[in-house]
Amino acid sequence: MKAQAGDVLRFTGRTVGTPEHRATVVEVLGPDGEPPYRVRHDDGHETEIFPGPGCVVETRPAREASSDRPQREAR
């Protein structure tokens with residue numbers, strides 16, 4: 001699994017009736033985008049995690065990533 005800051009980790013429930021939840025990657029602590037990750041959960045608390053098999057990475061859309069770049073000045 002590889003992720004970068006801004007990606008969302010989606011955790012699926014392991015049993016019927018367990019709700020899915022999401023957390024945003026705040027910092028990648030492993031080499032080359034690998035775990036562990038520091039994440040911020042929907043309720044605001046932050047934790048350091050090693051995601052398991054019930055976790056999927058949702059990357060930021062390209063348009064959001066491009067908005068992080070400085071805009072060129074119009075002449």
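Residues are numbered from 1 along each chain as its sequence is written. Because the model is predicted, local features need pLDDT of at least 70 and side-chain atom pairs count only at pLDDT 80 or more, while totals for chains, interfaces and linings use all residues; side-chain values use heavy atoms, with hydrogens and water left out.

**Whole chain**

Select the protein chain and colour by secondary structure. There are 5 strands and 1 helix, where helices are DSSP runs of H or I with at least four residues, strands are DSSP runs of E with at least two, and numbering starts from the N terminus. Along the sequence the pattern reads β-β-β-β-β-α.

The accessible area is about 5700 Å², and carbon and sulfur atoms account for 48% of that (Shrake-Rupley method, 1.4 Å probe; for residues, only the protein chains shown count as cover). Of the 75 residues, 20% are buried, meaning under 20% relative accessible area with a 1.4 Å probe, protein chains only. Contacts (heavy atoms within 4.5 Å) between residues at least 6 apart in sequence join residues at least 24 apart in 38% of cases.

**The sheet**

Select the strands. The 5 strands make an open sheet in the order β4-β3-β2-β1-β5, with antiparallel pairing; two strands pair if DSSP finds at least two bridges between them. Residues 46-49 (β4) and 55-58 (β5) are the edges: each has a single partner strand, so one side of each lacks a neighbour in the sheet. From one strand to the next the twist averages 35°, taken between axes that are lines fitted to C-alpha atoms, as an angle from 0 to 180 degrees between N-to-C directions.

Select residues 8-11, which are strand β1, together with β5: the two run antiparallel and are joined by 4 bridges. Within this pair, find L9, which lies opposite V57 in β5.

**H41**

What does H41 touch, leaving aside residues up to four places away in sequence? Select H41, in strand β3 (residues 37-41), then display its contacts: H21, R22, A23 and T47. H41 has 14% relative accessibility and therefore counts as buried.

Notes:
Buried < 20%, exposed > 50% of the residue type's maximum accessible area, 1.4 Å probe, protein only.
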